[in-house]
Amino acid sequence: MWLSSRLLRLLLLSFVLSFLCLAGSPVAARTVYDSFPGPMLSVQKWTDLELVREITGGRLVQKVANVPGVEFQRVRTRFQNPLNIASIESTITVESGTTADTGTSADTESAARLDGFFYNMENSGTADGDIWAGVKVGNRGSGLEAWWQVSESLDPNNSSFSEKGSGTIIGPGTLNYGTAYQVKIAYNGSNGFTFTVNGTSDTFTGPVKLAGPVTEYKALSTSAYGNQGDGYASVTFDNVVINDQGSDYDDFSNTSLDQAKWLDLEAIREISGGRARLNIQAADARNQITLNFPDNNKDYVEASVRVDSGSIVSSGARGIVRIAGYYYNEDGAPYNGRENDVWVDLRITLNNDGSLRASCFLSKSGDPNGSTWTDLWGEDFYQYLSFDTDYTLSIEKRGSEFIFRIGDEVKVYNVQTVMHAPSSQHRQIRTRVYADPGATGYMKARIDNVYTEPPGLPSGAFYDRFPGPMIDRSKWAVSETVREVTGGRLVKKLSNRVDWPYRDMDTGFENPSSIHTMESMVTVSSSTQLDTGFYPTGEAQLQGTFYNSYVSGTNTNGEVSASVRIGDRGAGLEAWGNVSWIIDENTGQWDGQDTQVILPGTLNYNTTYPVKLSYDGSNGFTFTVNGVSNTYSGPVRQRTANDPYRSLSVSTNGSHGNGFTHAMFDTVKINNQTSVYDGFSNAPLNTAKWTDLEGVGEISNGRFRLNIHADGARNQATLRFPENHLDYVEARVEVSSDSTIGTGARGIVRIAGDYYNETGAPYSGAQNNVWVDLRISMYDDNSLKATCFLSRTDDPGDTSWTDLDTYEFSTPIVFDKPYKLSIEKTGSTFIFKVNSETHRYQVTTAMHSPARGQHRQIRTRVYADPGETGYMKAFIDDVKIKKGGGIVPVTSLLLEE
């Protein structure tokens with residue numbers, strides 16, 4: 001959307017970051033990958049199934065499920081200082097729903113156990129000969145029972161074992177699910193063990209002890225053994241006692257596991273309440289819990305993500321929940337491990353100040369192990385996030401573009417290198433806590449509504465019919481912008497966006513250096529709406545840059561700006577002055593002062609007030625509103641301003657993107673003259689008095705007005721689509737008979753975009769990008785014609801072009817009549833339509849993603865050389881779109897329809 005804005009005021013509001021943001025499109029019906037209907041995670045959709053270790057209801061809950069082809073899965077809570085523990089006792093409840101795997105494995109079982117390594121029978125100095133012992137309560141296929149096992153480790157890595165003894169303590173048929181039983185394992189310090197369940201004991205004497213255990217391990221464990229992938233165990237532990245002490249080692253009365261007692265902290269991966277919970281606790285080191293996709297080459301991954309308010313990280317820690325994966329490799333085969341694999345990541349981060357922010361990045365592995373990384377690109381999302389709120393996150397790979405979305409905010413990165421398949425594909429949803437030594441954290445996230453196909457719209461559905469009154473910001477990457485003379489006043493309307501929180505719009509005076517005093521009648525309309533986010537303002541102002549406070553220099557450093565404002569900062573309509581000056585334009589450092597003129601509560605919306613800004617020629621300013629004045633002296637004047645300007649301006653600010661300012665100016669005077677500089681009795685704006693001319697982008701009576709005024713140079717107003725991968729764009733376009741095009745000028749209204757590049761990466765600027773355009777043109781003889789073309793840019797800077805195809809439609813075009821214009825890309829064929837007349841063009845070259853990314857727009861423009869003028873007025877309605885399927889190389893011609 002056309003806008004006049006100056007570097008100075010952007011620097012004065014340096015806390016605002018402007019990001020490229022594309023709002024999300026409406027979603028047509030598509031198949032959800034997983035909405036977690038429960039009760040269990042689907043083995044067809046995830047390689048990782050249930051794993052739970054958490055305190056709830058005063059007990060330690062452990063759950064685990066196995067997966068096909070993997071012999072066992074387990075979750076364990078390991079003791080700190082295990083070498084000092086000779087006996088472990090706990091009440092154990094095996095919950096209903098625990099089932100043994102139905103596969104053929106001889107070791108099939110789903111069970112709870114107390115276990116550990118107690119001594120070594122070889123004294124080899126390694127884990128060879130370590131004796132493991134465990135007492136178990138679980139299901140081995142015949143119902144709930146209790147048994148024990150003692151085994152010898154056969155290698156230093158504890159990867160193979162030889163059983164030394166086993167026995168059944170209580171056979172199937174006696175124990176019940178959901179019932180708590182007292183379970184104990186006791187070691188006599190030599191080679192003897194006693195195993196007790198519900199008062200029944202068994203003993204075993206193992207091989208002769210030669211040394212203490214090398215493996216320092218004792219734990220409360222839950223496991224699911226088998227090879228079919230349908231085993232599951234759900235267990236609770238309570239009242240843990242060690243070494244026959246009279247008091248509990250842990251009764252799990254804390255809200256989370258005590259890191260002084262347990263080596264393993266909380267981790268949760270399960271379905272709960274129709275969502276997947278992905279929680280992780282960490283202390284002193286990184287820890288994570290993950291949902292991995294079995295199909296790891298998805299070009300689109302979307303999930304609804306919520307961070308629970310119980311999440312917390314200390315200083316030196318941060319928590320994240322992300323969707324991510326390895327998407328490509330810069331070099332390709334032969335691979336050297338993970339070297340040059342590129343990781344693509346979209347995450348929500350919990351910082352130790354309690355804030356939640358979203359970011360996305362690409363990072364390249366610098367070595368085979370992925371231990372060193374080079375950041376290729378990264379951006380933070382502007383919006384602040386809240387706990388207990390669902391946000392839709394998605395990563396989409398389209399050709400060489402990566403599109404990151406969180407809600408309506410979008411970031412786009414265009415890869416400039418060749419993209420080979422990574423050494424191995426990978427897609428995941430993960431919660432992680434990064435904790436430095438001494439730091440802790442607990443990240444709690446809920447995942448829902450996972451999709452692996454992007455949203456789309458059929459071409460028959462209306463995308464927008466502009467019902468009003470305001471632009472739907474989920475459909476357009478623009479917002480209201482109006483500067484026009486109407487009803488004998490200069491009317492200005494402006495709204496902000498999430499990606500552009502502070503916006504201002506000038507109407508600049510010609511010959512600003514000659515102006516030392518400006519005054520105008522100003523009205524702020526009650527339709528002005530304050531943003532609901534941070535630092536909201538909506539204001540009209542007289543402003544300018546008046547002098548420079550530095551002895552020398554050619555940039556904006558030292559420039560002194562002043563303004564008198566009437567607006568709302570959250571407490572009602574008020575008036576104030578401001579004087580500010582740039583300290584460093586590169587860092588955005590500035591200084592300044594507000595000066596109150598009229599407090600909130602006195603001024604009223606829809607009431608016209610005289611407003612005046614006076615400069616004394618040195619460093620003094622006077623601000624006057626409705627007869628009330630205040631003054632301020634800026635830094636010492638050294639010389640004239642490098643970039644002087646004076647303007648009538650409106651602005652809006654805030655972080656949520658829903659601010660709107662509507663104001664009117666009239667009876668403008670300068671330099672204390674009694675005569676009126678401009679009373680706006682004539683339209684359009686007088687080009688001899690103003691540098692900024694009319695531009696209109698707003699909904700009016702169920703249609704979108706897209707008007708632009710130009711004098712001596714090209715000017716345009718634009719509707720930008722947030723989704724730039726559209727294979728079909730349609731709109732009803734009408735050129736108003738109020739349009740005027742002077743001799744030598746030309747006006748257009750078009751649908752168009754960069755659709756492909758003939759050569760692809762590595763790109764040289766925009767060279768070989770192909771622009772596709774369907775337009776109605778207005779000429780200086782007042783005639784209208786519809787044409788379409790494809791044109792290729794021949795140099796990196798878009799300064800020379802080669803027409804690939806042009807066509808002039810025979811359909812007569814007249815003023816004040818709507819015409820249906822559409823561009824459709826189907827494979828390598830482009831189909832242009834004006835009403836029912838059709839033109840086709842067949843691409844015969846390769847079609848790569850365009851340099852700098854895809855682009856789709858509806859635009860009104862006036863081409864005017866020096867001495868030429870024009871005012872193009874158009875109405876847009878009944879927009880339809882269809883999402884594209886990506887760019888692929890052309891290998892053969894496609895048949896016509």
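**Close-up views of a predicted model**

**View 1**
In β14, R53 has A267 as its bridge partner. The model is predicted: local features need pLDDT of at least 70, side-chain atom pairs count only at pLDDT 80 or more, and totals for chains, interfaces and linings use all residues. Residues are numbered from 1 along each chain as its sequence is written, and side-chain values use heavy atoms, with hydrogens and water left out. Strands here are DSSP runs of E with at least two residues, numbered from the N terminus. Two strands pair if DSSP finds at least two bridges between them. Strand β14 (residues 267-272) runs antiparallel to β1, and three bridges join them. On β1 (residues 51-56), five of the six residues are buried, where buried means under 20% relative accessible area, exposed over 50% and partly exposed in between (1.4 Å probe, protein chains only).

**View 2. The hairpin of β1 and β2.**
Strand β2 (residues 59-65) is antiparallel to β1 and is joined to it by six bridges. Within this pair, V61 of β2 stands opposite E54. Two residues lie between the strands of the hairpin, and G57 takes a positive phi near 60° there.

**View 3. An open sheet of six strands.**
The strand order is β3-β12-β5-β6-β7-β8, with antiparallel pairing. At the edges are β3 (72-78) and β8 (161-170), each of which pairs on one side only. From one strand to the next, the twist averages 20°; axes are lines fitted to C-alpha atoms, for helices over the stretch in contact, and angles run from 0 to 180 degrees between N-to-C directions. Strand β7 (residues 144-153) runs antiparallel to β8, with eight bridges between them.

**View 4. N352 in a loop.**
The loop that holds N352 lies between β20 (341-350) and β21 (356-365). N352 counts as partly exposed because its relative accessibility is 44%. Contact means heavy atoms within 4.5 Å. Apart from neighbours within four places in sequence, N352 is in contact with V313, S314, S315, G316 and A317. T622 is 270 residues from N352 along the chain, and their C-alpha atoms are separated by 46 Å.

**View 5. Two cysteines.**
C360 counts as buried because its relative accessibility is 2%. C788 is also buried, with a relative accessible area of 1%. A disulfide is a pair of cysteine sulfur atoms within 2.5 Å, and a search of the whole structure finds zero disulfides.

Key. Helix = DSSP H or I, 4+ residues; strand = E, 2+ residues; numbered from the N terminus.
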